[in-house]
Amino acid sequence: MAPDSHNKPTPPLWHRPGTKMAEEQYHELEHLYPDRKYEYIDGIAYMMSGGSVAHDRIAYNTRLALDTHLRSHACTVFGADVQVFLAQKKKGKPHFVYPDVTISCDAADSRSDNTLIASPRVVVEVLSPGTETKDRGAKFKAYQSQETIQEIVLASQFAQYVEVWQRNEQNPNNPRAWHYRHYGPDDTIDLVSIDGHIEVAAWYRGLVFDDEEES
(Lines give C-alpha, C1' and ligand atoms only; values in the text may rest on other atoms or scores of the structure.)
Protein backbone atom coordinates (compact mmCIF):
# COMPACT_ATOMS: atom_id res chain seq x y z
CA MET A 1 0.00 0.00 0.00
CA ALA A 2 1.34 3.42 -0.91
CA PRO A 3 1.96 5.80 2.01
CA ASP A 4 -0.69 8.42 2.64
CA SER A 5 0.93 11.65 1.53
CA HIS A 6 -1.81 13.67 3.19
CA ASN A 7 -0.53 12.61 6.62
CA LYS A 8 3.00 13.79 5.95
CA PRO A 9 4.01 17.29 7.03
CA THR A 10 4.86 19.63 4.19
CA PRO A 11 8.54 20.61 4.26
CA PRO A 12 8.95 24.29 5.18
CA LEU A 13 9.82 26.56 2.27
CA TRP A 14 12.97 27.69 4.07
CA HIS A 15 14.23 24.13 4.46
CA ARG A 16 16.55 23.64 1.50
CA PRO A 17 20.08 22.17 1.67
CA GLY A 18 22.61 24.86 2.51
CA THR A 19 19.95 27.47 3.31
CA LYS A 20 20.43 29.65 6.37
CA MET A 21 17.67 29.46 8.95
CA ALA A 22 16.89 30.95 12.33
CA GLU A 23 17.29 28.85 15.48
CA GLU A 24 13.50 28.80 15.89
CA GLN A 25 13.14 27.35 12.39
CA TYR A 26 15.69 24.65 13.19
CA HIS A 27 13.70 23.57 16.25
CA GLU A 28 10.55 23.61 14.14
CA LEU A 29 12.29 21.27 11.70
CA GLU A 30 13.15 18.91 14.56
CA HIS A 31 9.52 18.98 15.66
CA LEU A 32 8.22 18.27 12.14
CA TYR A 33 10.55 15.29 11.65
CA PRO A 34 11.14 13.63 15.04
CA ASP A 35 12.36 10.45 13.32
CA ARG A 36 15.30 12.31 11.79
CA LYS A 37 18.35 13.97 13.28
CA TYR A 38 19.60 17.36 12.14
CA GLU A 39 22.73 19.21 13.17
CA TYR A 40 22.61 23.01 13.23
CA ILE A 41 25.95 24.69 12.50
CA ASP A 42 26.44 28.34 11.56
CA GLY A 43 22.73 28.71 10.86
CA ILE A 44 22.52 25.73 8.49
CA ALA A 45 20.74 22.43 9.21
CA TYR A 46 22.43 19.20 8.10
CA MET A 47 20.41 15.98 8.05
CA MET A 48 22.40 13.05 9.43
CA SER A 49 22.44 9.76 7.56
CA GLY A 50 23.34 6.19 8.39
CA GLY A 51 26.94 5.03 8.59
CA SER A 52 29.03 2.07 7.48
CA VAL A 53 29.93 -1.03 9.46
CA ALA A 54 33.34 0.49 10.18
CA HIS A 55 31.82 3.77 11.38
CA ASP A 56 29.43 1.97 13.72
CA ARG A 57 32.10 -0.36 15.08
CA ILE A 58 34.69 2.36 15.73
CA ALA A 59 32.14 4.57 17.48
CA TYR A 60 31.03 1.63 19.66
CA ASN A 61 34.59 0.54 20.50
CA THR A 62 35.58 4.11 21.34
CA ARG A 63 32.63 4.63 23.62
CA LEU A 64 33.24 1.28 25.35
CA ALA A 65 36.95 1.93 25.89
CA LEU A 66 36.34 5.43 27.25
CA ASP A 67 33.48 4.27 29.47
CA THR A 68 35.67 1.53 30.93
CA HIS A 69 38.43 4.04 31.64
CA LEU A 70 36.03 6.52 33.28
CA ARG A 71 34.30 4.12 35.66
CA SER A 72 36.28 5.52 38.57
CA HIS A 73 35.92 9.12 37.40
CA ALA A 74 33.17 11.70 37.68
CA CYS A 75 32.81 11.90 33.89
CA THR A 76 30.23 10.29 31.63
CA VAL A 77 30.40 9.03 28.05
CA PHE A 78 27.52 9.64 25.64
CA GLY A 79 26.81 8.29 22.17
CA ALA A 80 25.57 9.74 18.90
CA ASP A 81 21.91 9.88 19.96
CA VAL A 82 22.55 12.62 22.51
CA GLN A 83 22.48 16.21 21.26
CA VAL A 84 25.26 18.60 22.27
CA PHE A 85 24.80 22.35 22.59
CA LEU A 86 27.71 24.58 21.64
CA ALA A 87 27.34 28.06 23.09
CA GLN A 88 27.18 31.01 20.74
CA LYS A 89 29.75 33.74 20.54
CA LYS A 90 28.72 37.39 20.69
CA LYS A 91 26.23 38.15 17.91
CA GLY A 92 26.61 34.58 16.67
CA LYS A 93 24.30 31.59 16.39
CA PRO A 94 24.36 28.63 18.75
CA HIS A 95 25.21 25.20 17.36
CA PHE A 96 23.42 21.90 17.99
CA VAL A 97 25.40 18.79 17.04
CA TYR A 98 25.53 15.02 17.50
CA PRO A 99 29.15 13.89 17.99
CA ASP A 100 29.80 10.16 17.63
CA VAL A 101 31.11 10.17 21.21
CA THR A 102 30.97 12.90 23.86
CA ILE A 103 32.49 13.06 27.33
CA SER A 104 31.16 15.46 29.95
CA CYS A 105 32.39 15.85 33.50
CA ASP A 106 29.51 18.13 34.55
CA ALA A 107 27.00 16.41 36.84
CA ALA A 108 24.16 18.43 35.31
CA ASP A 109 24.73 16.73 31.96
CA SER A 110 24.28 13.29 33.54
CA ARG A 111 20.77 13.87 34.88
CA SER A 112 18.46 11.03 33.79
CA ASP A 113 15.94 13.46 32.32
CA ASN A 114 18.52 15.52 30.44
CA THR A 115 18.28 15.74 26.64
CA LEU A 116 21.02 18.25 25.88
CA ILE A 117 24.72 18.12 26.80
CA ALA A 118 25.84 21.66 27.62
CA SER A 119 29.39 21.10 28.94
CA PRO A 120 31.23 18.66 26.66
CA ARG A 121 34.88 18.11 27.52
CA VAL A 122 35.93 15.67 24.78
CA VAL A 123 34.23 15.08 21.43
CA VAL A 124 34.99 12.28 18.99
CA GLU A 125 34.04 12.14 15.31
CA VAL A 126 34.47 9.05 13.14
CA LEU A 127 35.18 10.51 9.72
CA SER A 128 32.95 9.55 6.77
CA PRO A 129 33.39 10.50 3.09
CA GLY A 130 30.14 12.46 3.17
CA THR A 131 30.85 14.34 6.41
CA GLU A 132 34.64 14.76 6.60
CA THR A 133 34.61 18.22 5.01
CA LYS A 134 32.06 19.43 7.57
CA ASP A 135 33.78 17.61 10.46
CA ARG A 136 37.10 19.25 9.62
CA GLY A 137 35.55 22.60 8.71
CA ALA A 138 32.48 24.29 10.17
CA LYS A 139 31.85 21.68 12.83
CA PHE A 140 35.49 21.67 13.93
CA LYS A 141 35.46 25.46 14.32
CA ALA A 142 32.24 25.20 16.34
CA TYR A 143 33.97 22.73 18.66
CA GLN A 144 36.92 25.08 19.08
CA SER A 145 34.57 27.92 20.03
CA GLN A 146 33.08 25.89 22.89
CA GLU A 147 35.12 26.82 25.96
CA THR A 148 34.40 23.57 27.83
CA ILE A 149 35.86 21.38 25.08
CA GLN A 150 39.44 20.45 25.87
CA GLU A 151 40.09 17.82 23.20
CA ILE A 152 38.74 17.15 19.72
CA VAL A 153 39.31 13.68 18.27
CA LEU A 154 38.95 12.61 14.62
CA ALA A 155 39.16 8.90 13.82
CA SER A 156 39.55 7.49 10.30
CA GLN A 157 37.27 4.61 9.33
CA PHE A 158 39.57 3.39 6.54
CA ALA A 159 42.75 2.84 8.57
CA GLN A 160 43.88 2.75 12.19
CA TYR A 161 44.60 6.46 12.39
CA VAL A 162 43.43 8.88 15.09
CA GLU A 163 44.03 12.64 15.32
CA VAL A 164 43.76 14.61 18.56
CA TRP A 165 43.68 18.37 19.10
CA GLN A 166 44.23 19.52 22.68
CA ARG A 167 43.40 23.05 23.83
CA ASN A 168 46.41 25.07 24.89
CA GLU A 169 45.72 26.13 28.47
CA GLN A 170 48.17 29.03 28.14
CA ASN A 171 46.24 30.50 25.21
CA PRO A 172 42.77 28.88 25.32
CA ASN A 173 40.95 31.32 23.03
CA ASN A 174 43.37 31.14 20.11
CA PRO A 175 42.11 28.53 17.60
CA ARG A 176 45.65 28.17 16.22
CA ALA A 177 47.16 27.39 19.60
CA TRP A 178 45.80 23.86 19.91
CA HIS A 179 48.33 21.04 20.30
CA TYR A 180 48.05 18.41 17.57
CA ARG A 181 49.02 14.74 17.71
CA HIS A 182 48.26 11.75 15.52
CA TYR A 183 48.39 8.05 16.34
CA GLY A 184 48.84 4.87 14.31
CA PRO A 185 48.12 1.15 14.80
CA ASP A 186 50.77 0.46 17.47
CA ASP A 187 50.28 3.71 19.41
CA THR A 188 48.46 4.66 22.58
CA ILE A 189 46.11 7.64 22.42
CA ASP A 190 46.68 10.22 25.17
CA LEU A 191 43.61 12.18 26.23
CA VAL A 192 45.11 14.53 28.79
CA SER A 193 41.87 16.16 29.95
CA ILE A 194 40.54 12.85 31.29
CA ASP A 195 43.92 11.27 32.07
CA GLY A 196 43.17 8.61 29.47
CA HIS A 197 45.69 6.35 27.73
CA ILE A 198 43.96 3.97 25.32
CA GLU A 199 45.48 1.80 22.61
CA VAL A 200 44.49 2.63 19.04
CA ALA A 201 43.91 -1.07 18.43
CA ALA A 202 41.11 -1.03 21.03
CA TRP A 203 39.20 1.57 18.99
CA TYR A 204 39.46 -0.59 15.87
CA ARG A 205 38.83 -3.99 17.44
CA GLY A 206 36.79 -6.35 15.26
CA LEU A 207 37.60 -4.64 11.96
CA VAL A 208 39.69 -6.00 9.09
CA PHE A 209 41.10 -3.55 6.58
CA ASP A 210 42.08 -4.32 2.97
CA ASP A 211 45.82 -4.20 3.64
CA GLU A 212 45.38 -6.66 6.50
CA GLU A 213 43.52 -9.11 4.23
CA GLU A 214 46.36 -8.99 1.69
CA SER A 215 49.12 -9.65 4.25
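A residue counts as exposed when its relative accessible area is over 50%, and as buried when that area is under 20%. Between these limits it is partly exposed. Asp81 has a relative accessible area of 68%, so Asp81 is exposed. The structure described here is a predicted model.

Side chains of opposite charge can pair when their charged atoms come close. Eight salt bridges were counted in this model. Asp81 takes part in one of them, with Lys37 as its partner. The closest N and O atoms of this pair are 3.4 Å apart. The two residues come from distant parts of the chain, 44 residues apart. Asp81 lies in the loop between β3 (76–78) and β4 (83–86). Lys37 lies in the loop between α1 (23–32) and β1 (38–41). With a relative accessible area of 24%, Lys37 is partly exposed. Lys37 also meets an aromatic ring: its charged end sits over the ring of Tyr98, 4.8 Å from the ring centre.

A second salt bridge joins Lys139 and Glu39, at 2.6 Å from N to O. This pair also links distant parts of the chain. Lys139 belongs to helix α4 (residues 138–145) and Glu39 to strand β1, 100 residues apart. Both Lys139 and Glu39 are buried.

Arg136 pairs with Glu132, and their closest N and O atoms are 2.8 Å apart. Both residues lie in helix α3 (residues 132–136). They are four residues apart, about one turn of the helix. Arg136 has a relative accessibility of 35%, so Arg136 is partly exposed. Glu132, at 31%, is partly exposed too. Elsewhere, salt bridges with shared partners join Glu39, Glu125, Lys134, Asp135 and Lys139 into one network.

Aromatic side chains were examined next. The whole structure holds seven aromatic pairs. One of them, Tyr26 with Phe96, is stacked. Its ring centres are 5.6 Å apart, with 25 degrees between the planes. Tyr26 lies in helix α1 and Phe96 in strand β5 (residues 95–97), so this pair ties together parts 70 residues apart in sequence. Both Tyr26 and Phe96 are buried.

Phe96 also pairs with Tyr40. Here the ring centres are 6.4 Å apart and the planes stand at 40 degrees, so the pair is tilted. Tyr40 lies in strand β1 and Phe96 in strand β5, so parts 56 residues apart in sequence are tied together. Tyr40 is buried, with a relative accessibility of 0%. For Phe96, the relative accessible area is 4%. Tyr26, Tyr40, Phe85 and Phe96 form one aromatic cluster.

The largest pocket holds about 710 Å³ of space. It is lined by 29 residues. Those closest to its centre are Met48, Ser49, Gly51, His55 and Asp100. The largest share, five residues, comes from α2. By residue type, the lining of the largest pocket divides into nine nonpolar, ten polar and ten charged residues.

Key:
Residues numbered from 1 in each chain as written. Predicted model: local features only at pLDDT ≥ 70, side-chain atom pairs only at ≥ 80, totals over all residues. Heavy atoms only, no water. Salt bridge = Lys/Arg side-chain N within 4 Å of Asp/Glu carboxyl O. Buried < 20%, exposed > 50% of the residue type's maximum accessible area, 1.4 Å probe, protein only. Phe/Tyr/Trp six-rings, centres within 6.5 Å; stacked < 30°, edge-to-face > 60°. Lys NZ or Arg CZ within 6 Å of the ring centre and 35° of its normal. 1 Å grid on protein atoms, 1.4 Å probe; cavity = no way out; pocket = protein on both sides within 12 Å on 5 of 7 lines; lining within 4 Å. Points joined across faces, edges and corners; volume = space filled by probe spheres on them. Nonpolar A, V, L, I, M, F, W, Y, C, P; charged D, E, K, R; others polar.
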